[in-house]
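Here are my notes for you on this one. Keep the 3D view open and follow along point by point.

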Amino acid sequence: MHTSTTSTAALEPWSIEQLQQATQGYWLNDKKPVGQVKRILTDSRDAEAGDAFLALKGERFDAHDFIAQVAAQGCEIAIVSRPVDADICQLVVEDTRLALGLLGAYRRQQNPQLKVIALTGSSGKTTTKEMLGSILSRLAPTLVTRGNLNNDLGVPVMLLELRPEHQYAVMELGASHQGEIDYTSKMVQPHVAGIINIGTAHLGEFGGRDGICRAKSEIYSHISEISIIPAADDFAETIRAAVKTEKSLSFGAGGEVYASDVVLDAQSSSFTLNTPQGSKTVQLPFAGEHNVENATAAAAFALAIGIGLDDIVAGLEQAVGAKGRLNFIPHKDYLFIDDTYNANPGSMRAAAEVLAQQQGIRVMVTGDIGELGSSAAIEHYKLGRDLVSIKGINFVVAVGEFAPAAQEGARSTQYGKKMQAFLNQEQALPFLIDLIETHQPQPMSFLFKGSRFTHMETLMAALMEKL
């Protein structure tokens, strides 16, 4: 488990006193370092002189084993939950995982100039976060959650990157267990925060969508100004009941910030953004109805933090998608859509609708969806049934352990022949090559999507190489 804190900008240094004050630890044998601490990091490979190495302990690793190594690299400080036999100054704390949270919270409190947005949801978090980053960073220096640093370790790692020039922060909060969002949102202290949607991601951990809603709703306990509510969500009423702030702002159909006159093109969309501040047309460089919804969510968060409508529209129109999020890649005579960053049942269906808008023979290549617990087989069955039923999709190639379940779902419809199931990528590749050869010289569009662990980008790259 490596959570890198490496950032391109110079970080705000820590004094030895601040380090001890924030972590509530003690120096082993009273052996204190001198000078300032350049940065705090959790990846032993990057540790060098001037750093403090924080030793995390996970289920399958213990970074206390790397302390002699970081000392040899010139690192003079280790934050530990048990003393280690190494020539290094050791700040002993009760629990290094909690100490990381305390350090993140301390850094957040030291930046009172900051306006903070926090968001959570089952799908669309990353895209909404990128859209908000585009809106706010046009106006002032903005810290935006990088990659998937959205859990109880990733959130404090991001907060450690705060600098005095930052005026805004957009923090994505994820939940893989009850209490995690309570912990991270308390650390982040957002002015404006809310849920984008309640889907079926992480069903396994939460035992159903009610549990997911409870876990995500923890965010509403720590907002100082305005709560954001998804008006069209199945759980909108439950979410409203969790709101504790006097002010709230809702988005989506039936909300105060919503889209009308929506036009979906193959690789972009346009709509009228309606808000309490007026209405404006948006030319959005993202495809799919779900991304119009993400844009209205981003607009609601930005309005709530005091951004004007013109600046919101300009930011949305300049937004760029995250890597592996519906990236359109023309290659030879074919279009490849890379949506391999991650997947849940809702985002899988939304991606299929985007593929259905493309040209030529349309092929969806899906990997397994993880973290569905005991619902995995039935969820894949329903997905197979739904994907082949989407008008405009010619073939679905399912890859992975649950591909047979998806194929069963497909066969429960009249479109069963559209789906092929393979247990691994090696088996799927020859079929995809054959599919291309059979349909030459017609144009073809491929969309690759699966949960992170399935590495569907590997199969996409292998196919592109064969063309």
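1. Which residues does tryptophan 14 touch, not counting residues up to four places away in sequence? Tryptophan 14 touches Leu19, Ala22, Gln36, Val37, Ile40, Leu103, Tyr106, Arg107 and Leu160, where a contact means heavy atoms within 4.5 Å.

2. A quick word on the ground rules. This is a predicted model, so local features need pLDDT of at least 70 and side-chain atom pairs count only at pLDDT 80 or more, while totals for chains, interfaces and linings use all residues. Residues are numbered from 1 along each chain as its sequence is written, and side-chain values use heavy atoms, with hydrogens and water left out.

3. Trp14 is also among the residues with the most contacts inside the largest nonpolar core, along with Leu19, Leu103 and Met171; that core has 54 residues. (A nonpolar core is a set of buried Ala, Val, Leu, Ile, Met, Phe, Trp, Tyr and Cys residues joined through side-chain atoms within 4.5 Å; buried means under 20% relative accessible area, exposed over 50%, partly exposed in between, with a 1.4 Å probe and protein chains only.) Helix α3 (residues 96-109) gives the largest share of this core, five residues. Another core, of 39 residues, lies apart from it and includes Val170, Ile196, Leu249 and Ile305.

4. Now find the open sheet of six strands, in the order β15-β16-β20-β17-β18-β19, with mixed pairing. (Helices, H or I of at least four residues, and strands, E of at least two, are DSSP runs numbered from the N terminus; two strands pair if DSSP finds at least two bridges between them.) β15 (327-331) and β19 (419-422) are the edge strands with a single partner each, so one side of each has no neighbour in the sheet. Valine 365 stands opposite valine 397 in β18.

5. What packs on this sheet? Helix α12 (residues 345-355) does, touching β15, β16 (334-339), β17 and β20 (444-449), and its direction makes about 165° with that of β17. (Axes are lines fitted to C-alpha atoms, for helices over the stretch in contact, and angles run from 0 to 180 degrees between N-to-C directions.)

6. Helix α16 (residues 456-466) has the buried residues Met456, Leu459, Met460, Leu463 and Met464. Seen down the helix axis, these fall within an arc of 135°, so they line one face of α16; the arc is that of the directions from the helix axis to the C-beta atoms. Exposed Glu465 and Lys466 sit on the face turned away from the buried side.

7. Last, the cysteines: the structure holds zero disulfides, a disulfide being a pair of cysteine sulfur atoms within 2.5 Å. The sulfur of cysteine 89 is 9.8 Å from the closest cysteine sulfur, in cysteine 75, so that is too far for a bond.
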